[in-house]
Structure formats: structure tokens, C-alpha cells
Amino acid sequence: MMRLLASAVAAQCGLAIRITKTTSALSSCVQSLVASAVRSRSMCSSAPGAKERRLQVGASTVHFVEAGDGNRGVILLPGALGTAWTDFKPQIEGLPALLPHHRVIAWDPPGYGKSRPPDKQFTVDFYERDAAAAGELMQKLGFQRYSVVGWSDGGITGLVLAAKQPERVEKLVVWGSNSYISDTEANIYEGIRDVSKWSARMREPMEQVYGVEHFPKLWSAWVDGLLRIHHERKGDICSGSLKHIKAPTLVVHGAKDPMIIPDHVPYLLNNIKNTDLHVFPDGKHNIHLRYANEFNAIVAKFLLA
């Protein structure tokens with residue numbers, strides 16, 4: 001049934017259309033989307049009832065935000081270079097009321113935000129290392145089973161975690177995420193490497209987190225990490241592992257998201273056993289920020305079902 005739905009959605013939403021723009025046009029398109037997503041990220045770090053905590057996870061002291069006091073757990077995994085507050089403020093504020101039996105955990109992955117030092121090392125297996133760290137954090141917090149909600153890079157980490165530890169992940173929600181890197185996307189990443197070419201509005205939010213001098217280095221290292229996966233693994237992040245995911249999975253998609261090629265959504269739907277799809281017709285990459293209330297309600301309904 002999901003395979004048929006994937007094909008139908010692809011046809012209706014244009015997901016099967018091949019990208020034929022030039023690399024420069026793609027880079028321009030992605031830069032404008034990055035600007036939109038980055039501008040929507042909030043630097044404010046306050047929400048009623050939310051607590052900031054730290055725990056030792058492996059070699060890293062991990063910073064995270066905890067909201068709600070239920071006995072079930074859900075972890076929010078941010079996007080590239082993202083943190084709990086920059087990427088999930090509306091969810092930290094809104095989800096606890098919708099999920100009264102859950103504790104909402106939003107982390108800064110090792111090497112990001114306040115989970116430094118040490119700086120992140122973008123080895124070919126950095127998604128696997130982040131997934132293992134997220135799982136260890138949740139176990140240290142007392143959750144043997146928990147749900148995972150991941151955006152962009154965080155969605156990739158969530159896919160890896162759900163595939164590597166299927167007995168622990170109860171439910172999975174991902175958006176703006178991919179399980180492999182295409183040649184087209186490798187060119188896009190290289191095209192947006194130089195942050196000095198970004199507008200000030202694009203750079204400043206991340207400069208506030210990482211500093212004017214360090215942000216370009218970290219961003220360039222992230223690009224190198226993705227290109228390393230593209231070269232050394234032929235682009236395969238976790239596509240071969242999707243079959244191991246047992247958790248019911250919700251793929252949320254912004255139909256106008258240019259950060260991932262259209263093929264990724266039907267690929268996830270066709271390769272994860274138990275999936276549902278929700279499409280925001282006018283959504284781009286940052287649907288959880290732009291449509292926060294609706295997004296939160298959709299996620300809460302799925303997690304409670």
C-alpha cells in the first residue's frame with residue numbers, strides 16, 4: 001500500500017520530476033532557502049518549564065533541554081550545525097502541552113552549540129556516531145524505549161538510530177532528510193561552502209552561536225564530511241539500512257523544499273516498512289518553524305496514536 005501511495009504522492013506533488021537546473025542555479029536556489037531556514041531559527045533560549053542540562057555521553061559533555069515531566073520520552077534532533085534552541089524552540093514550547101505523558105528532550109549534538117568542546121569531527125561515520133550518542137543520552141535519562149523526531153541532518157541521524165537500534169525506537173518522524181547523497185546534491189554542497197558569499201542575514205544567526213571566525217570553518221568541515229560520504233560510500237548514508245527500521249514512521253514533507261532532490265521522499269516511503277506521509281503543499285525546508293502549531297499537532301497526533 002505504501003508503495004502505491006508513494007507513487008501517487010510523487011505524481012501529485014511533483015516528487016518524481018527530475019532536476020534539470022544548472023549547478024549555479026541550484027546553488028542560488030539552495031542559498032535562498034538556507035537564508036529562509038536560518039532566519040527562522042531562533043536564538044532565544046527560554047521556554048516556560050524548560051530546563052537546560054548536561055550529561056557525559058562518551059567523550060562529550062552533551063547539552064540538552066528538557067521540557068515536560070511524563071514517563072515517555074521523545075528526542076528532537078536538529079539540522080546541520082543546529083542546536084536545541086535554534087532549531088526547536090516552538091517544539092520545546094508547544095509539544096509538552098500536547099504530549100502530557102512525554103518528556104521532550106532537545107539536544108545539541110556533540111560538537112555543536114553548547115556541546116563543545118571538543119569540536120565535531122566529520123568522519124565518514126559521523127551520523128552513526130551521533131545516532132549512538134543520542135541513544136546513549138536517552139538511556140542515561142531512563143528511557144529504554146522512546147520516539148525520535150528529526151529535521152534534515154537530524155532526520156538522517158534518526159533514520160540511522162531507528163535502523164541500528166530498532167528495539168529502542170518507538171516511533172520516528174523525519175522531514176527534509178535523505179538516506180543517500182546524489183551527484184546533484186554533492187554539487188549543491190560544494191556550491192554553498194563559502195559562507196562569505198552568503199548575505200549577512202544568512203550568516204549572522206550561526207555566527208551568534210559559533211563566532212564569526214569559527215562558523216565558516218565548521219560549515220566547510222560539514223561540507224567535507226558529506227562529500228567524503230559521497231566519495232567513499234558512493235553516497236550511501238543509510239539507504240541499505242532502512243529495511244531494519246521497525247518503528248512506525250511519519251515522513252513530513254514541504255513540497256517546495258529545494259534542499260533535497262524530489263526522489264528522496266518516495267524512496268523513504270518505499271523502503272521503510274510502516275510509513276505515513278503528510279505534505280505541506282507550500283512548505284519548504286523549515287516547515288516545523290513556519291507552520292509550528294500545525295506541525296506540532298500533526299506530530300503529537302502521530303506519537304499518541
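Author: Let's start with a cluster: K51, R53, E66 and R103 are joined up in a network of salt bridges. By salt bridge I mean a side-chain nitrogen of Lys or Arg within 4 Å of a carboxyl oxygen of Asp or Glu. Before going on, some bookkeeping: this is a predicted model, where local features need pLDDT of at least 70 and side-chain atom pairs count only at pLDDT 80 or more, while totals for chains, interfaces and linings use all residues. Residues are numbered from 1 along each chain as its sequence is written, and side-chain values use heavy atoms, with hydrogens and water left out.

Inside it, E66 pairs with R103, their closest N and O atoms sitting 2.6 Å apart. This pair links distant parts of the chain, with E66 in strand 2 (residues 60-67) and R103 in strand 4, 37 residues apart. Strands here are DSSP runs of E with at least two residues, helices are runs of H or I with at least four, and both are numbered from the N terminus. E66 and R103 are both buried, meaning under 20% relative accessible area; exposed is over 50% and partly exposed is in between (1.4 Å probe, protein chains only).

Across the whole structure, the search turns up 14 salt bridges. One of them joins the side chains of E52 and K114, at 3.2 Å from N to O. E52 belongs to strand 1 (residues 51-57) and K114 to the loop between strand 4 (102-107) and helix 4 (126-140), so this pair ties together parts 62 residues apart in sequence. E52 counts as partly exposed because its relative accessibility is 35%, and K114, at 36%, counts as partly exposed too.

Then there's D125 with R129, whose closest N and O atoms are 3.4 Å apart. D125 comes out at 29% relative accessibility, so it counts as partly exposed; R129 has 36%, so partly exposed is the label there as well.

Now for T83, which sits in the loop between strand 3 (72-77) and helix 3 (84-98). Its relative accessibility is 6%, so T83 counts as buried. Leaving aside residues up to four places away in sequence, T83 touches P78, F88, W107, D108, G113, V209 and Y210, where a contact is heavy atoms within 4.5 Å. In helix 3, the buried residues include F88, A84, W85 and L95. Helix 3 also bends by about 35° at P90, the bend being the angle between axes fitted to the seven residues ending there and the seven starting there.
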